[in-house]
Amino acid sequence: MNEPWGISGPAFAWLYGCLVVLPFLFAGLWAQSLRRRAADEWTPPGPYHLAALDGGTERVADVVVATMVAGEQLRLDSRGRVTVLRAASGDPLTRAATELIPRTGAGGLYRLKKLLSRSAAVQEVRNELQLSGLQVDERRRRAGWLAALILYLLVLALGLARFANAMPLGRQAGILAGLLAAVVAAIAGTVLLLRPSRTVLPTAAGLRVLGVARRDPALLAGVAGAVALGGLAAYPDPVMADMLVRMGDANAKGSAGSSSGGSGCASGSSCGGGCGG
């Protein structure tokens, strides 16, 4: 038998093609299984947790900003810059926002949302969701893709060894070369999926909790509840809602100053608590 390694080229290509698919398939199924996790016994989530489940970490920042504006703890001017009016106490998220405001500079509200969404206080909200079974456990998700990456490196080594063996014998290796390229692409994709994710992936239990909250708005009353499930556009005051959306959006921020008209600043409802300061 003159076949390299005792196996023909077509047969090896078929087996190798299966190896190219299996690690990605298994890691994907593992990630899906994590989403089916049942929730543990836990107190019903508050607005920050529901905001994370519905809109991710930036939605949590939206809730913090909205509650601080409603409580007249910060002021927003016509350029989107934010100023602390009253120091926050008690809530670790509003305290974190107060500490971050001096770092926002010209980035204003948009910059504050970005910094806050990546803060340790918001990460703690994600940790609580993971522990409760309402969000996919990020460490376990990444462990699945790490296992896939290790397998792919072994598959790549096997393919390269076969390729190096086939070439001196004058064997056709075009199909194998294509499969090796697919392995390299799969490795690149696996590395991307292995990176820490800022996306909040609700489990089936988390989606059920969201469904209950949407069906019964009374569970989350007030500004925090409205913004948790609807974003800044759901802020109860339409004028303030429009300003918060424009100032907090990267694409609209550049034109926000000119479109704000005569409104120099805003705090609370419309311009009710901080204008002229």
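Helices, at least four residues long, are DSSP runs numbered from the N terminus, and aspartate 62 has its place in one of them, helix H3.

**Figure 1. Welcome to the whole chain, shown as a predicted model.** The chain holds 12 helices and 3 strands. Of its 277 residues, 43% count as buried. Among contacts between residues at least 6 apart in sequence, 72% join residues at least 24 apart.

**Figure 2. Helix H3 crosses helix H5.** Here you can follow H3 (residues 57-70) and H5 (residues 108-117), whose axes come within 8 Å and cross at roughly 120°. That angle makes H3 oblique to H5. The crossing of the two helices is right-handed. On the H3 side, the residues that meet H5 are Thr57, Glu58, Ala61, Asp62, Val64 and Val65. Their partners in H5 are Leu109, Leu112, Lys113, Lys114, Leu116 and Ser117. Sorted by class, this contact has 6 nonpolar, 2 polar and 4 charged residues.

**Figure 3. Aspartate 62 is a buried residue of H3.** Why does aspartate 62 count as buried? Its relative accessible area is 8%, and buried means under 20%, so aspartate 62 belongs in that class. Leaving aside neighbours within four places in sequence, aspartate 62 is in contact with Lys113, Val227, Gly231 and Leu232. Lys113 is one of the H5 residues that meet H3.

**Figure 4. Helix H10 has buried residues covered in part by H2 and H3.** In H10 (residues 222-230), look for Val223, Ala224, Gly225, Val227 and Ala228, which are buried. What covers them includes helix H2 (47-55) and H3. Val227 is also a contact of aspartate 62. Just after H10 comes glycine 231, with a positive phi of about 75°. Glycine 231, too, is in contact with aspartate 62.

**Figure 5. The largest nonpolar core has 46 residues.** In soluble globular proteins, nonpolar side chains tend to be buried together. Within this core, the residues with the most contacts are Leu93, Leu109, Leu116, Tyr235 and Leu244. Which helix gives the most to the core? H3 does, with 8 residues.

**Figure 6. Leucine 93 has contacts with residues from elsewhere in the sequence.** Not counting residues up to four places away, leucine 93 touches Tyr48, Val60, Val64, Leu116, Ala121, Val122 and Val125. There is also a second, separate core of 18 residues. Ala13, Leu149, Leu176 and Leu179 are included in that second core.

Note on methods
Residues are numbered from 1 along each chain as its sequence is written. This is a predicted model: local features need pLDDT of at least 70, side-chain atom pairs count only at pLDDT 80 or more; totals for chains, interfaces and linings use all residues. Side-chain values use heavy atoms; hydrogens and water are left out. Axes are lines fitted to C-alpha atoms, for helices over the stretch in contact, and angles run from 0 to 180 degrees between N-to-C directions. Angles under 35 degrees count as roughly parallel, over 145 as roughly antiparallel, 65 to 115 as roughly perpendicular and the rest as oblique. A crossing is left-handed if the near helix is turned anticlockwise from the far one by less than a right angle, and right-handed if clockwise. Contact means heavy atoms within 4.5 Å. Ala, Val, Leu, Ile, Met, Phe, Trp, Tyr, Cys and Pro count as nonpolar, Asp, Glu, Lys and Arg as charged, and the others, Gly among them, as polar. A nonpolar core is a set of buried Ala, Val, Leu, Ile, Met, Phe, Trp, Tyr and Cys residues joined through side-chain atoms within 4.5 Å. Buried means under 20% relative accessible area, exposed over 50%, partly exposed in between (1.4 Å probe, protein chains only).
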